Amino acid sequence: MSLSASEIGALMPVAIPAMAACLLPLASLDRDQATVKWIRGSLFAIALFALAGSFLYVTRLWGTRMQAGFGPLHMDSLAQFAAILVLVTAAMTVLQLWDHLHQEGWVKGETLSLLMFSVTGMIIFASTTNLMVLFLGLELLSLPLYALVATVRQRAEALEGGVKYFITGAVASACFLMGTVLLYGATGSLEIAALGRQLSAHPDPIALAGAALLTAGFLFKISGVPFHQWTPDAYEASPHPIAAFMSVATKGVALIALIRIFPAGLSSNPDLAIKLQAALALVAALTMVVGNLTALAQTSVKRMLAYSSISHAGYLLLGFVAGTPEAYTGMLFYLFAYMAMNMGAFGLLTALGLVGDRVGFEHLKGLGWKRPGLGIAVTLCMFSLAGIPPTGGFYGKYMIFKELIHTGHVGLALLGVIASLVSVYFYLRVVVALFLEKPVERAENETAECPSVLAPYAGATVLVCGFLALATGFAQTLLVDGFALRAIQDSVQFIP
């Protein structure tokens, strides 16, 4: 069977990481201690080359403006944007994993294989308009993550976090699949465009239940309240780079898939659209409030970042409440800025060698002066997370809040601003600990007992993330007009 250029263009970004995922376990079969270092290096090199190959292929599609497709797989501009986001995040994760897994003393080839399978599922999940293929992509991205959370089995909390994530993930998958079944029963179609036309012409009460269950499945992956309970335990149990990858990539592709579905399908019926927008407004408000207020009480930097990721899901969900193309464009820009600032925030822990239980604020005290480059980079990431100008996080929130005001949701915009002001406290706690507080005696003793840690790759990614957190603010016009707006205009169908 011969494939056209369009079909090959749709398959290659998915096929390259999938082939790497199959090759990595074979490359790690040799257990000869004399070659173990070479084998470890080759595993990480294979993963990085696969990500780079897929990235180059996607950027080529973007540069030629090719809207590639293969059956239900649509590698259009929105899917290309999602693939770039996932691949860059995964590359940073691989670099940080090299340092982190050596610090944990647990370097296994299957870790990278699982990561590559999850990347494959994410690209599929963001590249289809067929609900059944969407479900298959959801499972392919989720199942490896359940194992990755518990990958360092020598840690006591790893199994608990993995089981919690697995159980809640199974509930999310069940909700998603049942919603798909109900929508198919109400409309007779699994395609988003046909489903939207059927809902617009023939409203059905069953469709409301199906849309609610489908949305609940998405909210589990986004960590929206009240479907957020798994997030802090799963993030705390997982290696730092895996927690960062889940907080950025999983949330990103779930939101991008919902952007593809919500305007063209779920909101095509006016009554259904009003109910879903009201529900999302409530979820967004609760997510911002619960995420920020709970983060205030945390003594662990990692758990604080976990609750922080919940609050950012609330900010992003506000884009669906506004429901305008400009709001969706702001969401994509915010996701790109969020990638930089969150990967940098989690990467700091690995770059400083803070693994296991050494992730409290007291373990950061005074380290900013010992590693000033990392300290400044993370300060920029924290400013961006808090929405302080001129960082990318500020402009992302500004774009979403502006559209909320234009569409009459002034109260939600005001709540978002207040939530951002509250978040300044716990983000600046990291900066204060790094530069303005002296190390406590217990933390100094723990540091003295640990061997000196060199994490060059994790440190390099943190420096890059700090630069991007600031640069996205200055280049926001270029990123919005050249990337985010194009992805929305070329790919998303809006029902008038």
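First, the ground rules. The model is predicted: local features need pLDDT of at least 70, side-chain atom pairs count only at pLDDT 80 or more, and totals for chains, interfaces and linings use all residues. Residues are numbered from 1 along each chain as its sequence is written, and side-chain values use heavy atoms, with hydrogens and water left out.

Let's start with the loop between helix 8 (205–222) and helix 9 (230–237). Helices here are DSSP runs of H or I, at least four residues, numbered from the N terminus. Proline 226 sits in that loop. A cis peptide bond joins valine 225 to proline 226, with omega about 10°. Serine 223 lies in the loop between helix 8 and helix 9 too. Serine 223 is not a glycine, yet has a positive phi of about 70°. Is serine 223 buried or exposed? Buried, with a relative accessible area of 0%. Buried means under 20% relative accessible area, exposed over 50%, partly exposed in between, with a 1.4 Å probe and protein chains only.

There is another cis bond to show. Proline 389 and proline 390 are joined by a cis peptide bond, omega about 5°. Proline 390 is in the loop between helix 15 (372–386) and helix 16 (392–406).

Now helix 13, residues 325–351. Of its 27 residues, 24 are buried. The expected span is 1.5 Å times one less than the number of residues. For helix 13 that gives 39 Å, and the end C-alpha atoms are 39 Å apart, which agrees. Just after helix 13, glycine 353 takes a positive phi of about 75°.

On to the rings. Rings of Phe, Tyr and Trp (its six-membered ring) pair if their centres lie within 6.5 Å; planes under 30 degrees apart are stacked, over 60 edge-to-face, the rest tilted. How many aromatic pairs does this rule give? It gives 18. Take phenylalanine 125 and phenylalanine 218: centres 5.9 Å apart, planes at 40°, so the pair is tilted. Phenylalanine 125 is in helix 4 (residues 109–125) and phenylalanine 218 in helix 8, so the pair ties together parts 93 residues apart in sequence. Both phenylalanine 125 and phenylalanine 218 are buried.

Next, tyrosine 235 and phenylalanine 346. Their ring centres are 6.3 Å apart and their planes at 75°, so this pair is edge-to-face. Tyrosine 235 comes from helix 9 and phenylalanine 346 from helix 13, so the pair ties together parts 111 residues apart in sequence. Tyr235 and Phe346 belong to one aromatic cluster, along with Tyr146, Tyr165, Phe166 and Trp230.

Definitions and conventions: Helix = DSSP H or I, 4+ residues; strand = E, 2+ residues; numbered from the N terminus.
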